[in-house]
Amino acid sequence: MERAYVALGSNLGDRETTIRAALAALDAATGVRVAAVSSLVETEPVGVVDQPRFLNGAAALDTSLDPGALLGLLLALERRFGRDREGVPAQGPRTLDLDLLLYGNARIHRPGLEIPHPRLHERAFVLAPLAELDPSLEVPGKGDIQTLLAGLH
């Protein structure tokens with residue numbers, strides 16, 4: 001089993017209910033166990049700012065799925081909970097956003113899959129929930145979570 005971290009987000013519909021239902025579906029998936037979930041916090045949108053506020057958090061997963069299969073599961077869950085990536089800006093409104101942030105100590109750079117997530121170290125709304133889940137977490141190639149978070153303030 002490998003420890004992976006996933007960012008959680010929603011800014012359309014009943015945000016918390018959607019995130020909690022997606023976590024339950026993730027935990028029920030073969031090869032995945034939701035080990036811990038951070039607090040969910042309200043955040044301002046980034047990029048496309050003319051949209052509702054987000055509810056964001058993170059989850060720690062224990063998984064036997066490889067990174068590509070885990071990403072496929074996350075994308076399938078987004079679709080199942082109403083996310084439409086076609087015709088919507090990358091940072092636009094969404095019912096559910098599940099970003100694969102970290103997968104063990106892996107560093108992967110291939111089309112469609114980059115681990116650690118390429119903007120992870122630039123976003124307090126991602127770093128803070130990760131630090132809550134594991135205050136001593138190391139982000140491969142970037143450093144420890146506390147230093148990264150402090151660098152944003």
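Author: Let me start with a term: contact, or touching, means heavy atoms within 4.5 Å. This is a predicted model, in which local features need pLDDT of at least 70 and side-chain atom pairs count only at pLDDT 80 or more, while totals for chains, interfaces and linings use all residues. Residues are numbered from 1 along each chain as its sequence is written, and side-chain values use heavy atoms, with hydrogens and water left out.

Reader: How do H1 and H2 pack?
Author: Helix H1 (residues 15-28) packs with helix H2 (residues 67-80) at an angle of about 140 degrees, and their axes are 11 Å apart. That makes H1 oblique to H2, since angles under 35 degrees count as roughly parallel, over 145 as roughly antiparallel, 65 to 115 as roughly perpendicular and the rest as oblique. Axes here are lines fitted to C-alpha atoms, for helices over the stretch in contact, and angles run from 0 to 180 degrees between N-to-C directions.

Reader: Which residues make that contact?
Author: H1 brings Ala22, Ala25 and Leu26, and H2 brings Leu73, Leu74, Leu77 and Arg80.

Reader: Switching topic, how many helices and strands are in the protein chain?
Author: The protein chain has 4 helices and 9 strands, which run β-α-β-β-β-α-β-β-β-α-β-β-α from the N terminus on.

Reader: What about the peptide bond from isoleucine 115 to proline 116, cis or trans?
Author: That bond is cis, with omega near -5 degrees, and proline 116 sits in the loop between strand S7 (113-115) and helix H3 (124-133).

Reader: Last one: what is the mean pLDDT of the protein chain?
Author: The mean is 92, and 95% of the residues reach 70 or more, pLDDT being the predictor's confidence in each residue, from 0 to 100.

Notes: Helices (H or I, at least four residues) and strands (E, at least two) are DSSP runs, numbered from the N terminus.
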